[in-house]
Amino acid sequence: YTAKRNRLGIAVYDPEADRRDSQELSLIGELRRAIDEDELVLHYQPKVATSNGRVRGVEALIRWEHPVRGLLQPGDFIPQAEESEVIVPLTDRVLKMALEQHRMWRDSGTVLPVAVNVPTVCLLDAAFPDRVAAALSACDVAAGMLTLEITETSIITDPVRASAVLTRLRETGVRLSVDDFGTGYSSMSYLQSMPLHELKIDRSFVRTVTDSHGGAAIVRAVLELARALDLEVVAEGVEDEATLILLGDMGCTNAQGYHISRPVRAADLITWLGQPALEPA
Ligand code: C2E
Ligand code: MG
Ligand code: MG
Ligand code: MG
């Protein structure tokens with residue numbers, strides 16, 4: 001149980017904290033059950049080319065169809081899952097579901113490269129690259145069809161270990177993307193030494209690109225950096241047409257956001273793909 005100390009230094013029972021702790025424990029237990037009982041589902045959000053609206057691929061984003069609480073968003077359970085070992089089987093499950101979906105699309109004639117979000121624990125796990133390679137071959141998917149999105153924050157947690165794992169992942173042939181780029185308060189020197197393919201400009205900068213000098217300046221700096229290091233760029237969180245057009249004009253080649261499409265179920269994505277392409281920016 002959780003104790004807190006009163007002014008005399010005597011431990012007193014804190015029912016509030018205790019309830020919090022046991023709620024988290026039961027969430028983790030339930031999550032283990034949810035993995036076994038197939039309550040986890042993936043929604044897919046397209047990444048498109050700013051020049052012609054062509055779909056470059058989709059990002060898989062997890063949801064939990066909870067039998068009592070309804071549809072839960074990642075923010076409701078991923079932070080707690082990442083504090084526990086359950087994030088490892090959860091990630092393996094997400095990877096398998098995304099690759100199986102990719103293969104089903106492919107078998108019905110639509111080739112859609114897929115991106116999966118990777119938590120810090122997996123990025124620092126020397127055995128992760130082999131699990132990725134095994135999942136690719138079990139699902140019969142070419143490695144180049146898979147992008148792994150890694151946050152800058154998790155890279156700088158332990159750059160030496162991260163670099164070793166990224167190198168092994170790169171050898172398997174998957175694409176590597178830095179998610180939420182610009183929010184890690186890092187020195188960015190790691191960019192030079194890591195085998196990356198893509199930077200995703202964090203939504204916080206994209207959101208302000210049309211209305212503040214600051215947002216536009218940061219986006220310009222990231223685009224410049226990406227060009228110099230020969231990395232692809234995706235702007236995340238594009239919510240309106242003006243932002244999409246401005247990003248295109250600035251030379252940002254790819255975009256993702258509610259203005260293009262919200263994350264949707266696999267079936268709805270196919271419907272969306274059938275619609276006419278976005279107007280060229
Ligand atoms: P992320 O990888 O940076 O994903 C982008 C998040 O921004 C998604 O939220 C997406 O729905 C949302 N988003 C996309 N476009 C817009 C927009 O135009 N405006 C706004 N306001 N939001 C937009 P979501 O699905 O709630 O996921 C949140 C975070 O949870 C993800 O951030 C990722 O870090 C994590 N996550 C999602 N799925 C997984 C997963 O399978 N495994 C792990 N480890 N983490 C995941
Ligand atoms: Mg992501
Ligand atoms: Mg992101
Ligand atoms: Mg984000």
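Let me start with a term. Helices are DSSP runs of H or I with at least four residues, strands are runs of E with at least two, and both are numbered from the N terminus. Now the ground rules. This is a predicted model, where local features need pLDDT of at least 70, side-chain atom pairs count only at pLDDT 80 or more, and totals for chains, interfaces and linings use all residues. Residues are numbered from 1 along each chain as its sequence is written, chains are lettered from A and ligands numbered from 1 in written order, and side-chain values use heavy atoms, without hydrogens and water.

First stop: ligand 1. Its shell holds 21 residues, with R63, N117, D179, E239 and Y258 the closest. To be near, a residue needs a heavy atom within 4 Å. Which strand gives the most to this shell? β4 does, with four residues. β4 (55-66), α2 (74-82) and β8 (175-181) each supply at least two.

Now the polar contacts, meaning pairs of N or O atoms within 3.5 Å. R63 puts a polar side-chain atom 2.8 Å from an oxygen atom of ligand 1. Y258 uses a backbone N or O atom, 2.8 Å from a ligand 1 oxygen. Q45 has a polar side-chain atom 3.1 Å from a nitrogen atom of ligand 1. How much of ligand 1 does the protein bury? Alone, ligand 1 exposes 800 Å², and the protein buries 83% of that. Those areas come from the Shrake-Rupley method with a 1.4 Å probe.

Next, the metals. Donors here are N, O and S atoms within 2.8 Å of the metal (3.2 Å for Na, K and Ca); water is not among the atoms, so sites may look incomplete.

Take the magnesium ion called ligand 2. Its protein donors are E59 (OE), N117 (OD1), E149 (OE) and D179 (OD), at 2.0 to 2.2 Å. Two of these residues link distant parts of the chain: N117 in strand β6 (residues 114-118) and D179 in strand β8 are 62 residues apart.

Ligand 3 is also a magnesium ion.

Which residue bridges the two magnesium ions? D179 does, and the ions lie 3.9 Å apart.

Notes. Polar contact = N/O pair within 3.5 Å; in protein donor to acceptor, adjacent residues only side chain to side chain.
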